[in-house]
Amino acid sequence: MNLMFLLMFAAWGETTTILDAEGASPADTWELALERATGLGLSVDQIAIRQADGTVVPLASLRPSLPLGLQRPSKSAARSKPVTHPGPVDGALAGKAVYISQCHGWYWYDSLDRFSTQRGVLFSTVEDFHNPEGANAFLIPYLHNAGAQVFSARERDIWGVSAIVDDADDAYTESGTSFQPAGSGWGRQASYAWGDNPFEAGTARELRAGSGDVASWTLTSPATGAIALYLSWKSHPAAASDAHYRITTPHHVLHRWFDQGVHGDTWIFVDDLDLHEGDTVVVELVADGEDTGVLTADAVRLGGGSETISRHGDVMSTPRWQSGANLHAQFLGAPTSVYAAFGDPGNGSDSATRSLWADWEHPSGEDAVYLSWHSNAANGEARGTVTYFAGGGSDAPSSLPADCSTGAVSGSYGLAQAVQDHIVQAARAEWESTWQDRGVKTACFNEVNPSFNDEMPSVLVELAFHDNATDAAFLKNPAFRQDMARAMYKGIVDHFAGEAGTQPHYLPEPPTHLRVVHQDGDLVARWEPGPSGGMYGHEATGFVVQTSPDGVIWTDDHVTTQPATRLSARPGEEVYVRIVAENAGGRSFPSEVAGARLSPDGFAPVLVVGAFDRYEASILPSVHPPYISPVIQLDPRRTNTFDIVVPHGRAVSEAGWFFDAATDEAAEDLDLTDYAMVIWATGEESTRDETFSRAQQERIEAYLLSGGTLFTSGAEILWDLDFKGTDADRAFAADVLGATLGEDAAGTTVVEGVGLLEGIGRMDFDEADGAPYPVEYPDSLVSSRPAIAMYANGQTAGVLGEGVALMGMPFETIGDPRVRADVMLRLMEELVPDYVPPEVPDVVAPGDTGSTSGGSADARRPISSMGGCSTRPGAGLGWLLLGLLPVLGRRGRAAATAR
């Protein structure tokens, strides 16, 4: 549809700007006028529309009129870190392609003479970011883990750094005799102006398939964590279909094969690689396939990077994932016809770019669908979900005729209905029983217009209303976005299963209740299958045991059908474990992390309990992008990564001691008296998830009475127990933990050791000092017990007494790992003074594995023989008789605040 909005600055009322719709449908008029309103810095009420018959009407009159409904959301289900499983997955979507549009993003507005988001900030969020955050963090990994190949209209990798090696760089080398020039290819420029094609700015190389020649790229990882790897090659009519890429990191050797006859002259996602910053990654194109023909070598990229596409000489040097499709399509090598649909050089239509890009990228014969994730706006009162398609098509009912000049691609209606049904089911089951189902509707939006993309079924989801306070709260919640992503993915599975006439298979949920313990001289991991049915996936048929030496680099160790396994570890070796469930639908996200360090005597004196389950908007960091007001951001690296046991376990190991670890749910099945010391890590757990439930309090009280010791830390422990808790909670805080709440937020991230921790070194916990996430509300403590840590402003950060150490900020956020290890050693030696770690017979390098050895079957000893603090002469039970101390100088959040 050749839709053009002409800016007409004639007056229609004193402050009204008229836009000419040129015969566009009301749906397209509403969508594109919103973009123009943002670009003009105007509200909806300041825009009027000149219609095809010449009449001028307020834009607001085209806004959908929708009813209102409100209800408080329920508590969310257990969560885990979203992870894309590497390599091909034989799941329900194997052999299928899914094209994802993550809606709006940074876009150039001539009227502002600068870039702007396409939607305004409301309730500390903006559609340009919260929808792509959900799509990138959850929907794309769900689809990959079901076996789909996923293409995205915007950058999917959230790292703002990248490393690119091109065939013209010194870090590119060739071995063999068949290489020759292959014409134009990707080329490095500081920025790319309108019309510049990055894949025509340089050169590419060609080699003969089957020749044994090797093209090699050597990259240096710019970050620590999971980072995306991309390849590029030239389109060629004689391209081989089995291009072999060998990817070598310090931790893995991966082999991937691609058909170079399709998806050329662009960036193609390969895998998320687990890397440490500075790691060397070697990517080799090995010409050893059976297919004859030609292979081409161009550029290789690690990480999303920052924006390099310019408009009018200006570059928005923000993380690339924040840019709109209009910029990203150019970065991907699309021609100007894709990002200038209406012939407006220098700018273009972002909404049309998304579907035109999918049409351009999609090769003939590829079985694919297109889904765009949006949120809605109306009158501030409307709520609920609606899914759009273009209308018509062979599978649509007659009541939903074509809204565009031609009918939708067949299958669009069925896809829309399946996605809508799953979203409403999940929203009502987990969040709000009366979630409004606005149904499947037709609209000739650019993204579903078959004139722009006639090659695949296409739908657009308006998930909720970001201009409504209640819906916006849902949209900001990462757990809600995960549930909605799962629903969209399941709708896509239904679509393809329906086309094939088969039953849909949904990948399983992550396992729960994970623990790793010493048993009979070995380490044994146990877990429980995740939930199934309803809004969740199908039951697991097997489990992939993934192990890591440090909680960063993960490897598939082995597969089992049982919810337990023995781990291969040598005495002194530290092993972290997470479990991935699998079935015919694909592979789940991994479980929470547990782990252990195997002791030569088969006994671990320390149990680390991961009790940080919180996953909601209140723990998301706030950021302040250019030009707009601050927004909260879903950055999976800076929230709850569900591996809190790792920094605690590492500190125990580096101090030379040995440990077991479990989630707090799994700890219910363990006998705490098997351990001389329990580390209860709460992170930013708070009132909604409880730092210590009443049942957990009673178990810990009994454990301490039997002679055990406890170290616990967290930013919300006393807010939860003392300020917001019951009488029993307050008694536990004061009598057992030994403190009441002073300040709700200490107001500083600078901490010095005193008393036992005197001279330990700075325990600062700001992100700039190495903390893994921002700590907004560290507790300050009021206590009669000896202080072990003080905030820089004189408030107490930690206390020790009667077998219990308490810190008001999360231990894992101490930025310096050497300081963490020193803190842990001093606490362990004080709380368990009579324990002497056995010597490890051989030095074990990180990641080294081999046959299990050491330890007798009855090596575990009762804590009464370990000399814990509570069993030393004079320890007694006096701490149980302490009265509640008054709370001094409370300020910060109001008492009515619920978290």
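The second largest pocket in this predicted model has a volume of about 720 Å³. Now look at the strands. S8 (149-152), S16 (253-258) and S17 (268-275) each give at least two residues to the lining of the second largest pocket. Sort that lining by class and you get 15 nonpolar, 9 polar and 6 charged residues.

Rolling a probe the size of a water molecule over the atoms is a way to show where empty space is left. How many cavities of 30 Å³ or more does the structure hold? There are 4 of them.

The largest cavity has a volume of about 160 Å³. Its lining is made of 17 residues, and Phe151, Ser152, Tyr230, Trp267 and Leu332 lie nearest the centre. By class, the largest cavity is lined by 9 nonpolar, 3 polar and 5 charged residues.

The second largest cavity holds about 70 Å³ of space. To find it, pick out the residues of its lining, among them Ser80, Lys81, Trp554, Arg578, Glu592 and Phe642. The classes here come out as 4 nonpolar, 4 polar and 4 charged residues.

Now for the helices. Begin with H7 (residues 469-476) and H8 (residues 478-500), which pack at an angle of about 80° with their axes 5 Å apart. That angle makes H7 roughly perpendicular to H8. Where do the two touch? Phe474, Leu475 and Lys476 in H7 meet Pro478, Phe480 and Arg481 in H8. This contact has 4 nonpolar and 2 charged residues, with no polar ones.

Move along to H9 (residues 645-654) and H14 (residues 817-831). Their axes come within 8 Å and cross at roughly 70°, so H9 and H14 are roughly perpendicular to each other. Is the crossing of H9 and H14 left-handed or right-handed? It is right-handed. On the H9 side, the contact is made by Pro647, His648, Ala651, Val652 and Glu654, while H14 brings in Pro817, Arg820, Ala821, Met824 and Met828. By class, the contact of H9 with H14 has 7 nonpolar, 1 polar and 2 charged residues.

Last stop: H11 (residues 694-705) and H13 (residues 727-737). These helices pack at an angle of about 30°, and their axes are 11 Å apart. Angles under 35 degrees count as roughly parallel, which means that H11 is roughly parallel to H13. H11 passes H13 in a left-handed crossing. From H11, Arg694, Gln697, Ile700, Glu701 and Leu704 reach across to Ala728, Asp729, Phe732 and Val736 in H13. Sorted by class, the contact of H11 with H13 has 5 nonpolar, 1 polar and 3 charged residues.

Technical notes:
Residues numbered from 1 in each chain as written. Predicted model: local features only at pLDDT ≥ 70, side-chain atom pairs only at ≥ 80, totals over all residues. Heavy atoms only, no water. Axes fitted to C-alpha atoms, helices over the stretch in contact; angles between N-to-C directions. Helix = DSSP H or I, 4+ residues; strand = E, 2+ residues; numbered from the N terminus. Parallel < 35°, antiparallel > 145°, perpendicular 65-115°, else oblique. Left-handed = near helix turned anticlockwise from the far one by under 90°. Contact = heavy atoms within 4.5 Å. Nonpolar A, V, L, I, M, F, W, Y, C, P; charged D, E, K, R; others polar. 1 Å grid on protein atoms, 1.4 Å probe; cavity = no way out; pocket = protein on both sides within 12 Å on 5 of 7 lines; lining within 4 Å. Points joined across faces, edges and corners; volume = space filled by probe spheres on them.
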